[in-house]
Amino acid sequence: MSGYPQPPPGYGYGPAQPSPYGAPPTAQPYSAQHGAPPTAQPYSAQHGDPQTAQPYTAQPYAPPKTQPHSAQPYAAPSAPSYGVPAPGGYPPASGQAGNPFATLLPSTFPPGTDPNIIACFQVADRDGSGLIDDKELQGALSSYNQSFSLRTVHLLMYLFTNTNTRKIGPKEFTAVFHSLQSWRAIFEKVDRDRSGKIDANELREALFSLGFAVSPVVLDMLVAKFDKTGGKSRAVEYDNFIECCLTVKGLTEKFKEKDTSYTGSATFNYESFMMAVLPFLIA
């Protein structure tokens, strides 16, 4: 693709995987998964003979004992508020693991980085601190005809630094640059009519090539969200396509952190769920 330095081997996502994440597994018959259902047993075989009913008069009636009015105040809460751990529940988190406001560690350019990428970063890094902020990154990308909103820039910075400090160093800048180059190539490949927009089927193909298999319902929601016309044209332009990719990629990675067995199911506590989703809402 003209205008871009060529990425070193290993950058980008490569060819499509045989089974992208999110693709449903092949259905198995019930007996293959769980075995044949158990043979029904008569009631007595399971529970024993029913007890003989006692005469009505065998247990004289006794009125229930009343509690004093002050024993249970009216409307007293019976459970803690949602999201508050019960007594003896989860211990507090230690360290800064998963903290979106953790300090970004200094980095350097990877060996063999294209000199044009280094020069682009150095021009943006006006104070020579070794870090550039969101507006400086936006300007650096625009020099390569990559015009993005600040929201998209914030998502880029969060995904490639795993922090919400809105600073980025040489190592992360290089990764951002080459990933954008890869995603642009995918966009141009599926945009066969060169309209600068891709429809729902083309978006599905693009996400599939990145390794994400989304359902038709999710696909419709993505098109409605990232269509600049509010869903009227049912098409997504390049800059919004990047934001869509960042959202799907980021949420999938957060989910896969919990889905360690790659079953398509995961368990989140309330805090983990909020920390996984909120950065994509407040970018």
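Student: Is Tyr158 buried or exposed?
Tutor: This is a predicted model, in which local features need pLDDT of at least 70 and side-chain atom pairs count only at pLDDT 80 or more, while totals for chains, interfaces and linings use all residues. Residues are numbered from 1 along each chain as its sequence is written, and side-chain values use heavy atoms, with hydrogens and water left out. A residue is buried under 20% relative accessible area, exposed over 50% and partly exposed in between (1.4 Å probe, protein chains only). Tyr158 has a relative accessibility of 6%, so Tyr158 counts as buried.

Student: What kind of aromatic pair do Tyr158 and Phe280 form?
Tutor: The structure holds 8 aromatic pairs. Rings of Phe, Tyr and Trp (its six-membered ring) pair if their centres lie within 6.5 Å; planes under 30 degrees apart are stacked, over 60 edge-to-face and the rest tilted. With 5.7 Å from centre to centre and 90 degrees between the planes, Tyr158 and Phe280 form a pair that is edge-to-face.

Student: How many residues apart in the chain are Tyr158 and Phe280?
Tutor: Helices (H or I, at least four residues) and strands (E, at least two) are DSSP runs numbered from the N terminus. Tyr158 belongs to helix α5 (residues 150–161) and Phe280 to helix α10 (residues 270–281). The pair therefore links distant parts of the chain, and the two residues lie apart by 122 residues.

Student: What is the relative accessible area of Phe280?
Tutor: Phe280, the partner of Tyr158 in the edge-to-face pair, is a buried residue. Its relative accessible area is 5%.

Student: Which class does the pair of Phe173 and Phe177 fall into?
Tutor: Both residues lie in helix α6 (residues 170–190), and because they are 4 residues apart, about one helical turn separates them. Phe173 and Phe177 are both buried. Their ring centres are 6.3 Å apart and their planes meet at 45 degrees, so the pair is tilted.

Student: Which residues do ring pairs link into a cluster with Phe173 and Phe177?
Tutor: The cluster is built from ring pairs. Besides Phe173 and Phe177, the linked residues are Phe109 and Phe121.

Student: How far from the ring centre of Tyr238 is the charged end of Arg184?
Tutor: A charge sits over a ring if NZ of Lys or CZ of Arg is within 6 Å of the ring centre and within 35 degrees of the ring normal. Lys249 lies over the face of Phe160, 5.6 Å from the ring centre. The charged end of Arg184 sits over the ring of Tyr238, and its distance from the centre is 4.4 Å.

Student: How are α7 and α8 oriented?
Tutor: Axes are lines fitted to C-alpha atoms, for helices over the stretch in contact, with angles from 0 to 180 degrees between N-to-C directions. Angles under 35 degrees count as roughly parallel, over 145 as roughly antiparallel, 65 to 115 as roughly perpendicular and the rest as oblique. Helix α7 (residues 200–209) and helix α8 (residues 216–226) pack at about 110 degrees, with axes 10 Å apart. The orientation of α7 to α8 is therefore roughly perpendicular.

Student: How many residues of the contact of α7 with α8 are charged?
Tutor: Contact means heavy atoms within 4.5 Å, and here it is made by Ala200, Leu203, Arg204 and Leu207 of α7 with Leu219, Leu222 and Val223 of α8. Ala, Val, Leu, Ile, Met, Phe, Trp, Tyr, Cys and Pro count as nonpolar, Asp, Glu, Lys and Arg as charged, and the others, Gly among them, as polar. The contact has 6 nonpolar residues and no polar ones, and its number of charged residues is 1.

Student: What value is phi of Asn162 near?
Tutor: Most residues other than glycine have a negative phi. Asn162 is found in the loop between α5 and β2 (167–168), and at 42% relative accessibility it counts as partly exposed. Its phi is positive, near 60 degrees.

Student: What is the relative accessible area of Arg166?
Tutor: Arg166 is found in the loop between α5 and β2, and its phi is a positive value near 60 degrees. Arg166 is partly exposed, because its relative accessible area is 27%.
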